[in-house]
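Subject: Structure for you to look at

Hello,

Here is the structure I promised to pass on. Please open it and keep it beside this email while you read.

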Amino acid sequence: MSNQLPRRSLEPMYHRALGWYSREEIDSTRTKTVGVAGAGGDGHRYADLVRTFPLACIKAADPDVVTEDGLGRFAIAGTGDVGRLKVDVFEDHIRGLPVETEVEKYPGGITHENVESFVEGCDLIVEEVDLNHLDIAIDLHRTAQRMGKPVLTTMNVGFMGVGTSIKPGSRHSYETMLGIDPRTPFDEIAEMTISPDKLIPVLPWQYGDVRVLYALQDEDAKVPFPSIDVGVDMAAGIGMTQAGLHLVKGVNNHRPGPVWAPRWAYHDAMTNKAGVIRPSVARFWGSAALLKLRSDFGLNPRTSYDIDTLREQGII
């Protein structure tokens, strides 16, 4: 007679996932904790990790509130959520699902004082920190490296999503990608302006408008980076797929590993292009040159994100 306890019945919400993940993989995530640093933008979509994986805990950190202009890409919020903290909306979204996942909120966002407690206990860190707080993002990456935690980061650019992971102990750190000396103090990092060829792997030269680049380069105007829900969805699709690979890696099931830096996974819904690339200064400025050329010759669609229009609309 077996002394083994019967395995619990799998919750109905996960039944169809069995067509793409094994029962062992799904069950292996019941003890896992994911830390999401930045619950807006691309980050809010990681609340839906629990639709596939019955996580033990999700930590959500973000100091910002939902705004009207954010509703166009913040899929888990509605008009009644405007003015509410994003981490509260994040928690409510998970609470509306039949899961037992604990939600640990950091409504003040990641700080130099709490970053260690945020990283501690996590199996995966998702870094979606606003680049206006570069010193916080770097502190998060440094802490994760020191504590041996992988960090997944994604970005949406136009109708394209890109993503990569930083492996603990790798020489391809987040600082290396941005060209920052790892000895640089945080107060100096907070004042830095990072060149776009360090931040964006490649530009959507096939359909972008060069005037958007001109607007973003206007330091006095402080133009916010444009985004669209499709781009967020593409970034989230890459991010949650990569997160899944991190979370089930302990189960031997012939799956590929995550895409590690310096390589980036990308998927563009407009061009139907997807794959893995290794960013470089030449690749970025080559795509920028093609974008300008196509815009100048009227081959790309024009948008309304030039400085004059943004001022007319009261956006800046």
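Start with Phe-118. Its relative accessibility is 0%, so Phe-118 counts as buried. The cut-off for buried is under 20%. Keep in mind that this is a predicted model.

Now go to Phe-159 and Tyr-207. These two also form an edge-to-face aromatic pair. Here the numbers are 5.6 Å centre to centre and 75° between the planes. Both residues lie in loops. Phe-159 is between strands E5 and E6, while Tyr-207 is between helices H7 and H8. They are 48 residues apart in the chain. Are they buried or exposed? Tyr-207, at 12% relative accessibility, counts as buried. Phe-159 has a relative accessible area of 22%, so it is partly exposed. In total, the structure holds 4 aromatic pairs.

Last stop: helix H4, residues 134–146. From first C-alpha to last, H4 reaches 18 Å, close to the 18 Å expected. How many of its 13 residues are buried? The count is 11, so H4 is mostly covered. Among them are Leu-134, Ile-138 and Arg-142. After H4 comes Gly-148, with a positive phi near 70°.

Best wishes

Key
Residues are numbered from 1 along each chain as its sequence is written. This is a predicted model: local features need pLDDT of at least 70, side-chain atom pairs count only at pLDDT 80 or more; totals for chains, interfaces and linings use all residues. Side-chain values use heavy atoms; hydrogens and water are left out. Helices (H or I, at least four residues) and strands (E, at least two) are DSSP runs, numbered from the N terminus. The expected span of a helix is 1.5 Å times one less than its number of residues. Buried means under 20% relative accessible area, exposed over 50%, partly exposed in between (1.4 Å probe, protein chains only). Rings of Phe, Tyr and Trp (its six-membered ring) pair if their centres lie within 6.5 Å; planes under 30 degrees apart count as stacked, over 60 as edge-to-face and the rest as tilted.
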